[in-house]
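The reader is asked to keep the structure in view while reading.

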Amino acid sequence: MSSRTKRMKKTSWGARERAGMSFLIVVAFFAVFGLIILTEVLMIDDRGRAGSIIVRHGSNGGRFGESVPDYDDVKDDYLDDTGIFVRETKYGGAAVKNILKNQKDLKNSIGISVLTDSAEPRNPPVVPWGQMLPSKIEQTLPRFPADMKPTDGSWEIVNGTRYKFFVFSAFYDRRDGKLVRVIGATKTRGPEKVWCRFWYQTGVNSTKYRSASVMARVKIIRENWNLKYSACFILCPIRGPYPEIPHAVSVVSKIRAAPGNVLMLRNTDNDPDFTNRTFSNIPNSIGVCVKPLHFNYDQALYLLEFLELNNLLGVSHFTFYNHTIGPKASCVLQHYVNGDLPQHIVPYEDASPAKARNSSTVDTTDASYHMPTKYNEDNTAQLKPKITVNILPWNLRMRSQKEIRTEGLFASLNDCLYRSMYRYSHVALIDLDEFIIPHHNDTLIDLITWLSKRINNRNTGAYSFQNAFFYLQFADDEHMYTASDRQAHLRAALTTQRKTRRRSKLHPQKQRSKYICKPEAVVEAGNHFVWEFCPGRGSLNVPADAAILHHYRVCEFGGDDCIKTPSVVDRTAHRYSNRLLDRVGTVYNYLKDVCSLPDVPRAPTKPPPTRKKELKIRIPLKPESDKKTAETTKPHPNGISNGAITQQSATVPMEVILKTR
């Protein structure tokens, strides 16, 4: 056989070998891929049968920052076949008994007692959500802890969980069926299963309670930045042998374990603040929810401005969550809580009013405003409107921005939402540095009434307002330097009066926006918009020419670059100047010594000097001798060049420094 034939056979064999190897690689790839798909399908099927909540991964952020939802495709995971509210389940009491009986027989067959503290089953009984325990089993559970009093608005622990699990408050939600809704915080993905134990008093003023237990469902509240822990709802439908409303509720992870918390149920006749109102007879009123105060907040004067200006805008109640608050701000808030405030408004006057730089300059900002007829024209004997304040402790034992987002603010927002339900017709969810200012109306209630006459808002559940940044780095209003009135010092100290320049471009809706909602129309509240409405309700985007959100803060990305953005002067808040100054001044004088408030700083008489920057530009210049270089370098009659003689003087460095400002 020739060498050529041998080479051809060898080449043919190598090609077949490579082809066979490629085929095997392709087969192995599809086999592995199919195995992965099969495993994933089986895992999903197991999780679905177990009834756990699967939360998909969301993005960590985007170009819209906080306003981008953390869950783009959450609808299928967030809702189940029961709908938004409680629906009847397909399981009955007999099914639960059979499940428990089968579990007990299985454990006894291998010599392990079922449902005991000493030997908790590794796989607890699978009980459908919303199903009550049979009464025979209920009678064997631990009794009401006599040494514990029902709490409201305090973080309590759920014993026996693998991960952190806390509960804060419990509300009776009667909008569609009977449901107990508990505000809590727990693991974001795969939250642990818990039970709700309802406590019923056996008689009026009795200290003995009977119980009924139901399998609860943990519903994670959205917008959590994919952190380990999130605010959550624990949903507990009321069914079974005791269909009436319970007095209190405990959330437990092990049905045989003693409860580690007892929460008083609000929005019931047992609630001292509940007036048994219906949505149709709640008078027009607005409450404000403020997220947890932190970083040792102690700006007492600004706190007075926030309370009194919002009261001028029609707000009658404020709910604060005290994380870390300074002594001065705490003292001010406590006087509002106790109602220990002056009964009449006294016109405020500075101790030493500032003199105008130009006596011909008169501040007429508030001249066009006429006091309503229900007040005295001289504003002397005006009764101070009542402001109620509620402060709740906020000691959530989770690391902010490390384990849970911003002190668990979504738990506070939804707690305030349900706490305000049946008490106020509307509630505004805003921060301390924000004010919703109407343009054509005096109060927010007037604004809502005005909108209802122009827009069919029968199905409106919330009113959304676009955000406008009033950067604190912007220069103060020029009126602060020319005012000659008796309130010049105090006026220059109030943020809404001296900061009137804002960014001209407003943020789109749902980006930095805030809203006023009807509590009964909302299921889940978010920071910038409502996440979930009751069926048939939605949000109304308020036109910017009707009202906007005034947001007073420093540049959001640090530095001072924000002042380079296009801006306009907006003095809408000055419509409230006279009344605001009198109210803040009256309370300030009353609390100055009691709360050790600092003196009001003197108003500036001229704008602060502008920082001048000098830019030095070095321009090298040629000396006069350079102009004669051509002549001096001409050949000498004797054949000797003059370049050597003038070279040193021609290269001497010379420059001119130009200064620009």
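A disulfide is counted here when a pair of cysteine sulfur atoms lies within 2.5 Å. The model under discussion is predicted. By this rule, the count comes to 4 disulfides. When the bonded cysteines are counted along the protein chain, their disulfides follow the pattern 1-2, 3-5, 4-8, 6-7.

Three of these links are set out below.

| Disulfide | S to S distance |
|---|---|
| C196 to C236 | 1.8 Å |
| C289 to C416 | 1.9 Å |
| C555 to C562 | 1.7 Å |

**The link of C196 and C236**

The sulfur atoms of C196 and C236 are 1.8 Å apart and form a disulfide.

**The link of C289 and C416**

A disulfide also joins C289 to C416, with an S to S distance of 1.9 Å. Because C289 is located in strand 10 (residues 286–289) and C416 in helix 7 (residues 409–420), this pair ties together parts that are 127 residues apart in sequence. Is the disulfide left-handed or right-handed? The torsion about the S-S bond of C289 and C416 is about -80°, so the disulfide is left-handed. C289 and C416 are both buried.

**The link of C555 and C562**

In the disulfide of C555 and C562, the sulfur atoms are 1.7 Å apart. The link of C555 and C562 is left-handed, with -50° about the S-S bond. A residue is called buried when its relative accessible area is under 20%. C555 has a relative accessible area of 5% and is therefore buried. The value for C562 is 8%, so C562 is buried as well.

C517 has a relative accessible area of 0%, so C517 is buried. C232 likewise counts as buried, because its relative accessibility is 0%.

How values were computed:
Residues are numbered from 1 along each chain as its sequence is written. This is a predicted model: local features need pLDDT of at least 70, side-chain atom pairs count only at pLDDT 80 or more; totals for chains, interfaces and linings use all residues. Side-chain values use heavy atoms; hydrogens and water are left out. Helices (H or I, at least four residues) and strands (E, at least two) are DSSP runs, numbered from the N terminus. Buried means under 20% relative accessible area, exposed over 50%, partly exposed in between (1.4 Å probe, protein chains only).
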